[in-house]
Amino acid sequence: MGLRAETATADVDTVSQRIERIVRLRTASRIHNLRVDVQGSDVILTGMAPTYYVKQLATHAALDEIEQRTLTNDIDVM
């Protein structure tokens with residue numbers, strides 16, 4: 001893996017970790033099995049939320065962090 005590919009992977013990891021951290025903070029860690037995948041310009045949230053409201057909190061938290069990316073919220077409501 002070249003330096004450019006390593007940098008791109010590190011950037012994706014950083015974006016993913018930043019989004020996951022803010023979603024956990026704003027939802028008080030109420031989303032079980034939260035996963036944030038960054039694929040190019042797409043961000044995908046998955047996990048299990050106790051209420052639709054918590055799912056919406058996750059959406060708004062992630063949207064505040066993703067800049068020019070698109071968001072798909074695939075979090076299931078239990």
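This is a predicted model: local features need pLDDT of at least 70, side-chain atom pairs count only at pLDDT 80 or more; totals for chains, interfaces and linings use all residues.
Let me begin with arginine 26, which is partly exposed because its relative accessible area is 37%, where buried means under 20% relative accessible area, exposed means over 50%, and partly exposed lies in between, with a 1.4 Å probe and protein chains only. Residues are numbered from 1 along each chain as its sequence is written, and side-chain values use heavy atoms, with hydrogens and water left out.

What is the partner of arginine 26 in a salt bridge? It is aspartate 64, and the closest N and O atoms of the two are 2.8 Å apart; by salt bridge I mean a side-chain nitrogen of Lys or Arg within 4 Å of a carboxyl oxygen of Asp or Glu. This pair links distant parts of the chain, since arginine 26 sits in helix 1 and aspartate 64 in the loop between helix 2 (52-63) and strand 3 (70-77), 38 residues apart. Helices (H or I, at least four residues) and strands (E, at least two) are DSSP runs, numbered from the N terminus. Aspartate 64 counts as exposed, because its relative accessibility is 52%.

Arginine 24 counts as partly exposed because its relative accessibility is 29%, and glutamate 20 counts as partly exposed because its value is 24%. Another brings together the side chains of arginine 35 and aspartate 37, again with 3.0 Å from N to O.

Three strands form an open sheet in the order 1-2-3, with mixed pairing, where two strands pair if DSSP finds at least two bridges between them. Strand 1 and strand 3 are the edge strands, each pairing on one side only, and the twist averages 10 degrees from one strand to the next. Strand 1 and strand 2 (residues 42-49) run antiparallel and are joined by six bridges. Among them, glutamine 39 has aspartate 42 in strand 2 as its bridge partner, and valine 38 has valine 43. Helix 2 packs on this sheet, touching strand 2 and strand 3, and its direction makes about 160 degrees with that of strand 3. Contact here means heavy atoms within 4.5 Å, and axes are lines fitted to C-alpha atoms, for helices over the stretch in contact, with angles running from 0 to 180 degrees between N-to-C directions.

Finally, the backbone. Where does a positive phi occur in the hairpin of strand 1 and strand 2? Glycine 40 takes one, near 65 degrees, in this hairpin with two residues between the strands. Asparagine 33, a residue other than glycine, also has a positive phi, near 55 degrees; it is placed in strand 1 (residues 32-39) and counts as exposed because its relative accessibility is 68%. Glutamate 67, not a glycine either, has a positive phi of about 55 degrees, lies in the loop between helix 2 and strand 3, and is exposed, with a relative accessible area of 67%.
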